[in-house]
Amino acid sequence: MIALSAAEIAAIVGGTITGPAFCDPARALVTGPVVIDSREAAPGALFAALPGERVDGRDFAALAAKAGAVAVLADRPIADVADVPVIIAADVTVALGALAREVLRRLPSATVIGITGSSGKTSTKDLTAQVVDRLGATIAPVGSFNNELGLPLTVLRADESTRYLVLEMSARGVGHIAQLCDIAPPAIGAVLNVGRAHAGEFGSLEAVAKAKGELVEALPAGGVAILNADDPNVAAMASRTQARIRRFSASAARTADRMADVRAAAISLDDRGRASFRMIAAGSSADVHLRLHGGHHVSNALAAAAIAAELGMDAAAIADALSHATARSKKRMELHERADGVLVVNDAYNANPDSTRAAIEALRHLTSTGRRGFAVLGYMAELGDFAQESHREAGRLAAKAGVAGLVAVGELAAPLLDGARGELGWRGEAIAVPDAAGAVEELRNRLRPGDVVLVKASRSAGLWEVADGLLAEVNQ
Ligand SMILES: Nc1ncnc2c1ncn2[C@@H]1O[C@H](COP(=O)(O)OP(=O)(O)OP(=O)(O)O)[C@@H](O)[C@H]1O
Ligand SMILES: [Mg+2]
């Protein structure tokens, strides 16, 4: 973070300062990091004490100070913090947003790149960060820090050396992304897709599109909107921005998409589902060999390429960076080969109907050489009225992909099996289990060398243990 005194921070966030008489808030100089976990506090840190349902951050303020934090941000005074100033603000998260906004205002040479969409934000953020990092010092969130708390915490890592901030922006409702753009005004904004993730909360796809489009609405006239030409709901956002439009397309089939500024031709997948393609960008073309698994990452890579091209990178440099980029965030299409030759695809980080379709498509590809496929699927959360049909559809897709077994984990996932059974000609086994342990148990005696097992569900479905369990069976 850029250096700011506790007094300056208090003024920025509209807070007041309490603290011991001998502690001069004008002297307490915060140089960062800004942390919400006292274990991450270091000399120069600002500890933001978040009120929580189970733990109150204020209880850890003294520990943070001991670890070197020079100031604390809280919504109420803290009795046991004796030697550092405490900045009191009405709402700690809002205060962090205000602080992030001001820090960015003081860093005019840092370009903010916002990325949103229903699926692929983290993957695209990770790809983009690894590409633009070649142009200059880049800050991007760890994992999925994409909301009103994670975004300011990421921004607050920036300092005078920062050239690019690649920010993931998520929305659980209309107005959320506008709020994030207010904290970190983007110069470039990429929209990946409009899908049914969180559709239950939004109520309709139109509302999802309205929310995601807030990113391009926030762009200035001199900015650039990067839009997925393959998704009609994203392409339609062109009318909602004053920024210049750049389009990307992973589909060479449609004439309109051949007009896209950044596109892919001759896409092929290797035996691990990694895509190679000819990328056309920035007026020339170059070959890309992705290290990420699943054909859906072509689209994400093109979004990253379109961003980099706008920043002045040529096609060869972009292709080289994309081809070296690795999966930085875990449990997204991770492939693990067991000692007995069973391939476990751990995509259990999260799920929605679109990412489930993408994962099943990858499973279909991985088994196209004759391997048997198993899909262990759990509940996809937050789908509201779309839930029943979305689960049936995922089951149908798994059956269509010819899985030898579909394991539905938990009662809420049962419609998956109905969907699969409804697919005429499917000869696989429909298996219902109550929980993750049940899935591992059922697969134990079924799996044979060469089989491929996909594990996927929403975070809340508790399937993270399935992949771990399957791997522990043989790999110890
Ligand atoms: N373009 C895409 N289309 C469909 N699925 C995708 C796409 N990109 C990534 N996925 C899949 O979606 C899941 C989540 O990926 P990722 O974490 O990149 O997305 P996200 O938008 O950041 O998700 P979250 O909303 O949970 O933060 C993974 O299973 C991943 O393989
Ligand atoms: Mg994410």
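A: What follows starts at the ligand and then moves to the helices.

This is a predicted model, in which local features need pLDDT of at least 70 and side-chain atom pairs count only at pLDDT 80 or more, while totals for chains, interfaces and linings use all residues. Residues are numbered from 1 along each chain as its sequence is written, chains are lettered from A and ligands numbered from 1 in the order in which they are written, and side-chain values use heavy atoms, with hydrogens and water left out.

Ligand 1 is surrounded by 22 residues, a residue being counted if one of its heavy atoms lies within 4 Å. The closest are Lys121, Thr122, Ser123, Arg332 and Asp347. By class, this shell holds 3 nonpolar, 12 polar and 7 charged residues. Here Ala, Val, Leu, Ile, Met, Phe, Trp, Tyr, Cys and Pro count as nonpolar, Asp, Glu, Lys and Arg as charged, and the others, Gly among them, as polar.

Polar contacts are pairs of N or O atoms within 3.5 Å; within protein, one must be able to donate a hydrogen and the other to accept it, and residues adjacent in sequence count only if both atoms are side-chain atoms. A polar backbone atom of Gly120 is 2.9 Å from an oxygen atom of ligand 1, and one of Thr122 is 2.8 Å from an oxygen atom of the ligand. Asn300 places a polar side-chain atom 2.8 Å from a nitrogen atom of ligand 1. Taken alone, ligand 1 exposes 630 Å², of which the protein buries 92% (accessible area by the Shrake-Rupley method with a 1.4 Å probe; for residues, only the protein chains shown count as cover).

Two helices, α4 (121–132) and α14 (353–366), each supply at least two residues of the shell. Helices are DSSP runs of H or I, at least four residues long, and strands are runs of E, at least two, numbered from the N terminus.

Helix α14 also packs against α15 (residues 387–400), at an angle of about 5° and with the axes 10 Å apart. Axes are lines fitted to C-alpha atoms, for helices over the stretch in contact, and angles run from 0 to 180 degrees between N-to-C directions. The pair is therefore roughly parallel, a label for angles under 35 degrees; over 145 is roughly antiparallel, 65 to 115 roughly perpendicular and the rest oblique. In this contact (heavy atoms within 4.5 Å), Pro353, Thr356, Arg357 and Ile360 of α14 meet Ser390, Glu393, Ala394, Leu397 and Ala398 of α15. These divide into 5 nonpolar, 2 polar and 2 charged residues.
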